[in-house]
Amino acid sequence: MIESSAAVFLSYASEDTDAAAELAEALRRAGVQVWFDKDELRGGDRWDATIRARIQSCRLFLPIVSQNTEARPEGYFRREWRLAADRTHDMSTRVAFLVPVVVDTTSEVQADVPEAFRSVQWTRLPPGAPLDAFVTRIVGLLGGADAGPPVRAAPTARSAPRTTGVAASATPAPPPVPPVSTARSRRTVVTAAALASIAAAAVIGWTAWKHRPGAAASVPPAAAETSLAVLPFADLSQQHDQQYFSDGLAEELLDRLAQTPNLKVAARSSSFYFKDHPTTVAEMARALGVAHVLEGSVRKSGDSVRVAVELIRADTGFSIWSRTFDATVKDVFQVQDEIASAVVGALKGTLLPQARHGGETTTNPAAHDEYLIGLQFSNQVTLDGFRHAAAAFEKAIELDGGYAAAYAALAEAEVNIGDLTNDMGLFRTARQHADEALRHDALSVGALSTRGYVRIVLDLDWQGAIGDYEKALAIDPNSPQVERDYGFLLACMGRLPEAIALERRAVASDPLSDDGWNHLGMFLTFAGDLRGARQALERGLDVHPESNVTRYALAQVDLLEGHADQAMGEVAKITDEPTRGLLTAMAEYSLGHREAANRAMAKVVTLQGIPGQFDIAAAYAWIGDNDRAFEWLDRGFQQHQNPVLTKVYSMMRGIRSDPRYPALLKRLNLAE
């Protein structure tokens, strides 16, 4: 038995008695004296004095943190926690004393605990977790066997004053947090060009997919050691009005980590999915195919910012590294660099390149705030959201005319608005803003990707676009948005094996993006792999069950397989009337109902907000009316809505034997 002067004090809420008892028993079996006796829990001054004496004399203090302690703003355990935290003020930072233990999914950076608890590493022991490693560590800290890595973290700003109160903001009120957080880069080039301008709806995602029959065959492979996901940071500001700022910091940190060589970082659309779908760290990591998770919180008060971050090993739940940063708003970029470098160092990877950012960032806090507001609006993935985002990015540029990231984000917002409204003038404006972003920061991946897309859609400049995408991937080899966009270009050119390979890479790093699964499904359709296409599109439908785009693509697979009746069954599930009309026409034709097909098409072209010219041309091509198909393709050219997918789009196969087809490819700069 280890002597009493090296005893462990176990502090817990009454609701966690079972978890505390299990820990106490495991430690006692290893010869550790534990103060844990629920029969001794009595009230009164004598008992209170005993508690105080034991906390002052124990060797280690183990507070059990859980949702139960989070739910109790008052409780005797909080007095114990405060006494233990007060004792640390008289202790050297080299002395291990506080050993917080989390017994469920409670986040360290969000937990309601004394600030001193955040200056040490935490241990996660969810129900059923093995205790041997934890017990070995405790015995080692008490002077027994080798404990492995020390429990106490590197010294942090533990004694820095807490920030209280929130000063009135001079910036516009942040936008409401959307119900679903998805990728910042929202171009759905295939769906916009080939499936009409259909807006996305709410997601339900991974949970639904993983319980589907046969899903086990598609479980993500074992994660690489140097892989992680950055979760959305919690807003712990007093008024809880800084969510846009918290999300923006996490997103920018994700972008910086993603550019680190040999480090795999889950895309924003997938990692931020869990913002509205909380689950365990292990489940998040499994869904995203990563070995580590980085979570954090932000407290902003006036110009002061406190950022707390924690890097967690997913399979064990152990905290690898945690730290709190105190800074002013103007120093946020330096803090981001410090966090990124520390995370990479903790993973033993290559340190981030120095002096990478340059004109990408700003030293103007107000401009940065507008930029973050713009990102939040963009993530709503609606036409109004993109318009509000563009306005915020323009304000950021007014405040700092050299802010490359704001120019790049503005260009992307304009492309999204152009896609959704068929306003090709916005594409020209977007190209100007992308060029301006690159003038200030030649390594802006977002600007290169946006400019590459504009080169395709507006200019039919395939080689110029290839140059932009190749450069973007050289800078950031792990960007799923660039991979999706570049894959689209390659598909348009008929290079389907390469396009499919890029899309598979994109969904591997962004598995909860329905855009990625839709792209992959449609490219497999173009290649004739209808079985693979169906599997990918069904995965996309699991992520986004209300998607008209995905249902329309699945119905096309039905038609290509000869199941017109099954395709017709999808009509009622599509809520967009023009898209429903197009599918009705194609399904009626495949059922042998030529007149019904013609009537459906005649109605579609009279609808307000009709699909793009390419979609109408494709439907006419499917029902065998090549004259009208070429007429609508020509209308697309005249309105600068170039039918770039003509060479591969499956529903267009009826025009490929038409004598007018070679001239069409030449017009598209795709002649062989």
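Predicted model: local features only at pLDDT ≥ 70, side-chain atom pairs only at ≥ 80, totals over all residues.
Local features need pLDDT of at least 70 and side-chain atom pairs 80 or more, while totals for chains, interfaces and linings use all residues. Numbering runs from 1 along each chain as its sequence is written, and side-chain values use heavy atoms, with hydrogens and water left out.

**View 1. Helix H15 and its buried face.** H15 covers residues 425-440; helices here are DSSP runs of H or I, at least four residues, numbered from the N terminus. Leu-426, Phe-427, Ala-430, His-433, Ala-434, Ala-437 and Leu-438 are its buried residues (under 20% relative accessible area, 1.4 Å probe, protein chains only). Looking down the H15 axis, they sit within an arc of 140°, so they line one face of the helix (the arc takes directions from the helix axis to the C-beta atoms). They pack against H14 (404-421) and H16 (445-459), with contact meaning heavy atoms within 4.5 Å. Over on the other side, Gln-432 and Arg-439 are exposed (over 50%).

**View 2. H21 packed with H22.** Helices H21 (530-543) and H22 (548-561) meet at about 160°, axes 9 Å apart; axes are lines fitted to C-alpha atoms over the stretch in contact, and angles run from 0 to 180 degrees between N-to-C directions. The pair is therefore roughly antiparallel (over 145 degrees). Among the contacting residues are Leu-530 and Leu-537 of H21, and Leu-554 and Val-557 of H22.

**View 3. H24 alongside H26.** H24 (577-590) and H26 (613-622) pack at about 10°, with axes 9 Å apart. They are therefore roughly parallel (under 35 degrees). Leu-582, Met-586, Tyr-589 and Ser-590 of H24 meet Asp-615, Ile-616, Ala-619 and Trp-622 of H26.

Key: Helix = DSSP H or I, 4+ residues; strand = E, 2+ residues; numbered from the N terminus. Expected span 1.5 Å × (residues − 1). Parallel < 35°, antiparallel > 145°, perpendicular 65-115°, else oblique.
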